[in-house]
Amino acid sequence: GKTLTNFNISVGATDDFMNAVAEEKEWKLIGPHNKEVVKIVNAKNIWEQIITNAWSTGDPGLIFLDTINKSNPTPAVGRIEWTNPCGEVPLLPYESCNLGSIDVAKCVKGKEIDFTKLEDLIITAVRFLDNVIEVNNYIIPEIKNMVTGNRKIGLGIMGWAELLIRLEIPYASEN
């Protein structure tokens, strides 16, 4: 059979869909381009396929669209329709989020966190991520307008376990 490799597949679920699952009702599958009904299926059967595949392969991911849109900070700009591939950033149509990480293990001096170095890295990384928005080559104007208008960036950390080792703090420590 045909398989997709190197893809991150997610399913957007609405409250109406979840209610149809609970009530084992029929569900219309709508073509995204022409908005026509492609097929009518049992909502619970679709749900069970989603769960089975997520359990066995990790895909698809799931986003509860109505729930996430209740917290949409910019509803006048648009409705959130998806997230980035890892699921931590809700996105509007044509929007992206530039992500970066700081290796916190590199911010240890002796047996303490070098907060001055960490602060400098944070400031530099945020500036860098914002600069990426400016120099990016956008393939269509809608993407450029959304990304440069909303300027979503995400700065995370890596090296947490190594940081704890360098500080001689047990991973399970409550201190």
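Ala54 is found in helix α2, residues 43–57. Helices here are DSSP runs (H or I, at least four residues), as strands are (E, at least two), numbered from the N terminus. This is a predicted model: local features need pLDDT of at least 70, side-chain atom pairs count only at pLDDT 80 or more, and totals for chains, interfaces and linings use all residues. Residues are numbered from 1 along each chain as its sequence is written, and side-chain values use heavy atoms, with hydrogens and water left out.

Stay with Ala54. Its relative accessible area is 29%, so Ala54 is partly exposed. The scale runs from buried (under 20% relative accessible area) to exposed (over 50%), with partly exposed in between (1.4 Å probe, protein chains only). Setting aside neighbours within four places in sequence, Ala54 is in contact (heavy atoms within 4.5 Å) with Asp59 and Pro60. Asn98 lies 44 residues from Ala54 in sequence and 26 Å away, C-alpha to C-alpha.

Now the cysteines. Cys97 is buried, at 14% relative accessible area. Cys107 is buried too, because its relative accessibility is 1%. A disulfide is a pair of cysteine sulfur atoms within 2.5 Å. By this rule there are zero disulfides.

Cys107 belongs to the largest nonpolar core, which has eight residues, including Val104, Leu118 and Leu163. A second, separate core has seven residues, among them Ala13, Ala20, Trp47 and Ile50. Such a core is a set of buried Ala, Val, Leu, Ile, Met, Phe, Trp, Tyr and Cys residues joined through side-chain atoms within 4.5 Å. Beyond four places in sequence, Val104 is in contact with residues including Leu118, Trp160 and Leu163.
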